[in-house]
Amino acid sequence: MSYERRLNVVAALVPLVIGVAAAIMSWNLGVGSLSAPGPGMWPLVVSVAMVITAAVLVLQSRPRGDEERFTKDVVTVAIAAASLIGYAFLFELVGFEVPTIALLVLWLKGLGRESWPVTAVVSVVATAALYLLFITGLGVSLPHIIQL
Amino acid sequence: MRIGVLLAAVALAASACAVQGGSSDKGAAASGYPNKPVEFTVPTDPGGSTDLLTRALAKSIEEPLGAKAVVVNKPGANGKIAGKDVFGSKPDGYRIAVMPQSLFAIGPLMLDDADPVKLTDMTFIKGLAVEDYVLVVPADSKYKTLKDLVSASDVKYGTTGPGTGSQLSQTLLFGLGKTNAAPVPFDGGAPTVTAVLGGKVDAASVQIAEGFKQVQAGKMRALAVFSDKRLEAMPEVPTAKESGYDVVVDQRRFVAGPAGLPAEVRDKLAAAIDKAIASPEYNEILKANYIGRWDANGDQVGAQLNESLKRFETLAKDLGIDLKAQQQ
Amino acid sequence: MDFLSPVIAGFGVVFQPENLFYCLLGVTLGMLIGVLPGLGPAATIAVLLPITYNIEPTAAIIMLAGIFYGAQYGGTITSVLLRLPGEASSVVTAIDGHALARQGRAGSALGIAAIGSFIGGTVAIIGLTFVAPLVAGFALDFGPSEYTALALLGILLITTLGTGSPLKSILMATVGLLLATIGQDPLEGVSRLTFGVDQLLDGIDFVIVAMGLFGVGEILYNLESLRKPAEPAAAVGSVYPSRAELRESKGAITRGSVLGFLLGILPGGGATMSSMVAYAVEKRASKQPEKFGKGAIQGVAGPETANNAAATSSFIPLLTLGIPANATMAIMFGALLIQGITPGPALVAEKPDLFWGVVNSMYVGNLLLLAMSMPLIGVFVRILRVRQAILAPLTILVTMIGVYTVRMSVFDMFIMVGLGVVGYLMKKAGFEPGPLVLAFVLGGLLESSFRRSMRIFGGDVTGFLTQPITATLLAVIVLIVVVPPVLRLSKRKRQRQEENVAA
């Protein structure tokens, strides 16, 4: 089986499995009847449609030319996603300023290989701009530690 | 790796400082309260009557309280998201919430929830407002009185959503009248009024502000109000009670903080709210929304919530209505 | 013409310097927050409400209205340049707009969008002036059964939005429909597929889904090529659309104006639905439907015109019936309340100054927006010249903070990052986010309307056919969705037979 073909099979199997799980959960919610649909009917209809479409896609897994290989660059993406999770986690705990600068430094220097001066200037200026825009300018209540 | 260490150090140093805004709950001690902005959390999207009321309150409270007041919207789950968030924070008086009665007196009767916000999670500070419900029908409806409607053979009634006073008031009304009636829940007041205006449902119970102008313009007819006494805004409309159906349902709003709020902080807040609700801005909002004042101190708020819950529960039991099953 | 005298008096109101100032302030602010993803007009107007206490009512509403339609202009910019829809109604613009930007035609896309928005907005204001009372009833005619048919039509049109395999589009649409069922059941309040998480009780906000799958997914995907030698950046061509492009977009702008105006009147339908329908209509009307998704200028012109026309006509239910048609109108309702005015059916008669002042200010506001956006396009396209390594973190930060401001919820940030990863994986596997996101919008409408209808019809499905508008819409569905494939099939069959005969 070619790489693309395997990719297509996996890509269709994931919604297939989710669809089956959703169908079971929907069934348990109570389906009712067509004249008096219960909470589970619509999710059931949708998940069954999902399972059927996904199943057809598993069978028709020949490469279509819109698939892309996963290369070692996937590591970069994983680090980026993890850093965003960390950002959200720290956001309310320590205010937005420190995680914002940290995230910028990581992305600019770590992922983007920018020079230190560029990294420093961009992260500090951007954080200040975000502060001025959201907190001072628009009066949005973001968690923050610096008082103006 | 140097970057990581550096960042960790900075983060650690920064976390020692106090965080302002958002849902942070780190703050200074109660002494000298208030010495930083007080956050009023609203459990709805911006723009609704509760939001407007709270914003007017926050604006007028800054002077008597001697601190800045910030309004934060945390909509979701009929107010539960805001409640869980605020009442789970430190009881220092810097984070308080405006809560609806329905979350405590109506929700539990109609919806299952394994982990609700409990009355004991809160310190009640002050009652704010009462909003009454009015039963409306389209202007060209054949039902002229409440009796006509209740004795009809087949009624489809609109409600503003599951677990609302709109649904409860009509469930009880049609339950008392033994009417063959089916609820059609909409997503809020505006779509419900639209459905009545378009004649898509036979009747609906909505808050006064949501339907008053349409009634006044003759596009809808008000058959009854679900209040104890007739309302100032529409004195010609009889109460459901007068027509022989003892259904009194309203929505109330109150200010509460986390359980264990120090007494002096609570009193200070209550006194400041008292001054704020006398302001013209606040009263303008009440008037434009046809909202009544709920003059109650903290203890009275708690008593009212308990009383409402018991009353609805007994009423439903006497009628033999299973409110949860009524949703279906 | 007696009818026109208050209209003309309304212009007198608009041209008072104070009102002009607030109009300018409103549209500028609107454009700014339209550019910021997540922070929508509803939230901005809410934040500004307290300020309006001290402003005269007409000026206040003129300013707030400006924010609303100004945001529709701004939302386009990030959609086209960064594939980051700032507003729900700009999602479909991201599809072809961004493709155009990659070809160095960002200026054309933005220019056409601005011109289309101006025309759509202006057409809708003229409609608002002359036929508002007539069409207001249209909003009331739409009840649950009509919405069921409309949503069904929309969902069936979705599969035409994808560019790749139709099967993949359908799968994505079902995923969107399933995502939309998360949260409390709309009729019975039972929580569905929430896994006991309170934050999911009200479902996932549309903005989060759109920004996660489109914006964050795109950024993550582009990170892969961050360290590779940069592709030669597409030369930014002319910053203005050419004559040929204008000619190509003429039909799209015309159709978009009418569609947007009509759909905008419907409460709950509004700008998002109109932009989608406009896109689908353009793709069907086009002689080269295969160009859609790869940079068809009509794919920008149609939806952008429609969403602006819809934004304007969504004022009709509020001003003539006292019914807010969407979240922003609900806040506008609140703004009027603060001024001691309760909007209702009698507003035009009671406050003609306010009514016509606000309506006429929109002509001016739209002109201001056009005048501002054309020169700014040259500035905005420069964003594309910023190095990816610098642009990516800045974009992601604004997106993260923007999503937080929707509900002040960190949980929403997590969901968005999760959806971003899904969006990245989808792109790798050749799935498009468009059908998913749009099905997500319509899924809830279809289900709740269908179930409400069934309650109203007492469980009788044939009830749908007794409603004239519903029955008409269902007939349209049969005509445009079912008939063409059947025709195509029989044509192919005939061809094959002919080939056989010839052979």
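Visitor: How many salt bridges does the structure hold over all chains?
Guide: The total is 29. A salt bridge here is a side-chain nitrogen of Lys or Arg within 4 Å of a carboxyl oxygen of Asp or Glu. This is a predicted model, where local features need pLDDT of at least 70, side-chain atom pairs count only at pLDDT 80 or more, and totals for chains, interfaces and linings use all residues. Residues are numbered from 1 along each chain as its sequence is written, chains are lettered from A and ligands numbered from 1 in the order written, and side-chain values use heavy atoms, with hydrogens and water left out.

Visitor: Why is the pair Arg55(B) and Asp51(B) called a salt bridge?
Guide: Their side chains meet at 3.0 Å, N to O. The limit is 4 Å, so the pair qualifies.

Visitor: What separates Arg55(B) and Asp51(B) along helix H2 of chain B?
Guide: They are four residues apart in H2 (residues 49-65), about one helical turn. Helices are DSSP runs of H or I, at least four residues; strands are runs of E, at least two; both are numbered from the N terminus.

Visitor: What makes Arg55(B) count as buried?
Guide: Its relative accessibility is 12%. Buried means under 20% relative accessible area, exposed over 50%, partly exposed in between (1.4 Å probe, protein chains only). So Arg55(B) is buried. Asp51(B), at 0%, is buried too.

Visitor: Which parts does the salt bridge of Lys59(B) and Glu281(B) tie together?
Guide: The two side chains meet at 3.2 Å, N to O. Lys59(B) lies in helix H2 of chain B and Glu281(B) in helix H11 (residues 280-288), so the pair ties together parts 222 residues apart in sequence. Lys59(B) is partly exposed at 32%, and Glu281(B) is partly exposed at 23%.

Visitor: Asp85(B) and Arg95(B) form a salt bridge; is each one buried or partly exposed?
Guide: Asp85(B) has a relative accessible area of 22%, so it is partly exposed. Arg95(B) is at 4%, so it is buried. Their closest N and O atoms are 3.0 Å apart.

Visitor: What is the count of salt bridges between chain A and chain C?
Guide: Two. Arg387(C) and Glu114(A) meet in a salt bridge at 2.8 Å, N to O.

Visitor: How much area do chain A and chain C bury between them?
Guide: About 5600 Å², 78% of it on carbon and sulfur atoms. Buried area is the accessible area (1.4 Å probe) that two parts lose on being put together, summed over both. Trp42(A), Trp107(A) and Leu138(A) supply 12% of what chain A buries against chain C, more than any other three residues.
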